[in-house]
Amino acid sequence: MPQQVTLRILGELEALVLIDPHTHINPHSAASTTLADIMGYHYYTELCHSAGMPKSYIEEPGLSPKDKVGRLVEKLPEIENTANYSWLLEMCREFFGFEEPAITKSNWEKLYDTAAAKMASPGWEQQVLTQSKLEKVFLTNDFDDPLSGFDTNLYVPCLRTDDLVFHFSKPEVRARLEKAAGTSVTSVTSLKSAICKLFEHFTKNGCRACAISLPPDFSPIKVDSLSAEKVLQQLLGNKHVTAEDLNILSRFVFWTLAEFCAEYKLPFDLMIGVNRRVYPSGVHQGQDLFDQRTSLILYKDLFNAFPQVTFPVSVLAQVSNQELVSYSWIFPNVVTNGHWWYSNIPAYIELDCRSRLQAVPMTKQVGYYSDMYKLEFALPKFGMYRRILAKVLAQDFVMERGWSEERAVELGKLTLRGNVERIFNV
């Protein structure tokens, strides 16, 4: 009986057309062109490297896409137990008609050629969107992205601000800002004016959020203009600036972004807890990790200062989920957002999903985002989440609390799509 309830709820959730509120899609090349675009995703290169494949073997300069896939296939037997491998198989089965139980040295070339032919067919991008039941896909746009040459109704712009906050000391970042804003940055007043120009440009082109990833020790507090001005002038004058000076400037820029999110009525996505380059010898995008220093107490001033700004928060560590649930429980402007990166496996998702649904108002949960770089990944990733969500709804709400299946389905739809529409105004 419980299994039947789960399957009926799952059927309803699988029929739902979705909006993906966070991806790294390039709208000018959204779908894959070879199997290397899929298997070259950092999850697979990380796992193959972790299983013993040398980085130089994976990232050899000039390596053809087909040869790269052939090399990665050598280590696939050692990662067949992972959720990531299950995504790969699901993509190959659903998109390319692959029927074998595993991708092996004896069948991968046929699969590669079949995939290449399908991907080269007219309308492949739209086919993937339709098959994945995707209506809109949020992007991660550099702050100086012209936002031209693509359909912003389908591929929704999102202002990514990591460089502005953490790399403003680099001359090339300041030059990019000046070029994008069409103004010189010579003071904190002109800096704020330049950032304002970015918000004008992005919102005019359909932007629905501002976003940033943050290290575990960053504390966003308000910095007065005089302190920020002093550091900025030292920087522009090529004088020595300390790490603490740069932290002052980072906080000033961050707080300015929050002020403009309030003015332009944009949610501010916070992805909290990433340490960059923990493992410098790792493969591309396989060098970053988390630690348990992350605490949302560092964000209390921000959440209190901007009650009119919605903060969809992602935490990198599954162990941080209880704190996120508690903050979303108390703060009206804090929203639980997806299952990010190292927490994006079924064991963690189910626990996190269950705790959020039991503790946080139902209108304050963005259930899932794909974080994908190529469109094909939406299907298996959202499929994984739908199955977990259906299981939790069936067990916790229908079986244990006596909800009707219809009521449970409505909660599932709100978590999967309704809240995305309302929170991001799409």
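Lys 391 touches Thr 6 and Glu 350, leaving aside residues up to four places away in sequence; contact here means heavy atoms within 4.5 Å. The model is predicted, so that local features need pLDDT of at least 70 and side-chain atom pairs count only at pLDDT 80 or more, while totals for chains, interfaces and linings use all residues. Residues are numbered from 1 along each chain as its sequence is written, and side-chain values use heavy atoms, with hydrogens and water left out.

Lys 391 belongs to helix 17, residues 378–399; helices (H or I, at least four residues) and strands (E, at least two) are DSSP runs numbered from the N terminus. Lys 391 counts as partly exposed because its relative accessibility is 33%, where buried means under 20% relative accessible area, exposed over 50%, and partly exposed in between (1.4 Å probe, protein chains only).

Attention now turns to the pockets. A pocket is an open set of points on a 1 Å grid over the protein atoms alone, where a 1.4 Å probe fits, with protein on both sides within 12 Å along at least five of seven lines; lining residues have an atom within 4 Å of a point. The largest pocket has a volume of about 1,300 Å³, and of its 47 lining residues Arg 160, Asp 162, His 167, Ser 213 and Arg 276 are the closest to its centre. A volume is the space filled by probe spheres set on the points, which are joined across faces, edges and corners. Helix 13 gives the most to this lining, with 6 residues.

The second largest pocket holds about 370 Å³ of space. Helix 3 provides the largest share of its lining, 5 residues.
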